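Please look over the sequence and the structure shown below. The paragraphs after them go through the pairs of side chains that link parts of the chain, and then the chain as a whole.

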Amino acid sequence: MKYEKGFVMVEAVIAFSIFLLLTLSILPFYIHLKQQRANLDREYMARTALYNELLYQTYNSHHHSSSTTNFMFTFQNVQGGKRGCVSWYTFHGKEKKICEVLFP
């Protein structure tokens, strides 16, 4: 036994168990980060689509139908400009809304 080289099966199982425990403890954090990233991507897309729609609404007289169907737009004329709002649903199903004003 003194001159044996290599791992005993019990040592390999313990090492694998520790690896598995670490992996499973990090997994929920990783999933949460991926969901947060998806929400931030949707918010960025919503802001970009709102800005493009506001530009179109401000400088053109008729309504422009956007190619992004996941967003709901509302527009109002305000003193000296146009106010636009966009709403969408996050990864968890919560509604989010952002409003911007564009002055030409």
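**Side-chain links and the overall fold**

Glutamate 100 and arginine 47 form a salt bridge, with their closest N and O atoms 3.1 Å apart. A salt bridge here is a side-chain nitrogen of Lys or Arg within 4 Å of a carboxyl oxygen of Asp or Glu. Because glutamate 100 lies in strand β3 and arginine 47 in helix α1, the pair ties together parts that are 53 residues apart in sequence. Glutamate 100 is partly exposed at a relative accessible area of 35%, and arginine 47 is partly exposed at 39%. In these terms, buried means under 20% relative accessible area, exposed means over 50%, and partly exposed is in between (1.4 Å probe, protein chains only). Salt bridges that share partners join Glu43, Arg47, Lys96 and Glu100 into one network.

This is a predicted model, in which local features need pLDDT of at least 70 and side-chain atom pairs count only at pLDDT 80 or more, while totals for chains, interfaces and linings use all residues. Residues are numbered from 1 along each chain as its sequence is written, and side-chain values use heavy atoms, with hydrogens and water left out.

Lysine 96 counts as partly exposed at 34% relative accessibility, whereas glutamate 43 counts as buried at 17%.

How many salt bridges does the structure hold? There are four. One of them is between the side chains of arginine 37 and aspartate 41, at 3.6 Å from N to O. Arginine 37 and aspartate 41 are about one helical turn apart, because they stand four residues from each other in helix α1 (residues 9–59). Arginine 37 is exposed, with a relative accessible area of 57%; aspartate 41 is partly exposed at 36%.

Another kind of link is the disulfide. A disulfide is a covalent bond between the sulfur atoms of two cysteines; the cut-off used is a pair of cysteine sulfur atoms within 2.5 Å. A search of the whole structure finds one. Which cysteines does the disulfide join? Cysteine 85 is joined to cysteine 99, with an S to S distance of 2.0 Å. The link of cysteine 85 and cysteine 99 is right-handed, with 110° about the S-S bond. Cysteine 85 lies in strand β2 (residues 81–89) and cysteine 99 in strand β3, 14 residues apart, and the pair links distant parts of the chain. Cysteine 85 is buried at 4% relative accessibility, while cysteine 99 is partly exposed at 31%.

The whole chain can now be described. Its secondary structure comes to one helix and three strands, in the order α-β-β-β from the N terminus on. Helices (H or I, at least four residues) and strands (E, at least two) are DSSP runs, numbered from the N terminus. Of the 104 residues in the protein, 18% are buried. Among contacts with a separation of 6 or more, 39% are between residues 24 or more positions apart; a contact means heavy atoms within 4.5 Å. The accessible surface of the protein comes to about 8,700 Å², of which 63% belongs to carbon and sulfur atoms. Accessible areas come from the Shrake-Rupley method with a 1.4 Å probe, and for residues only the protein chains shown count as cover.
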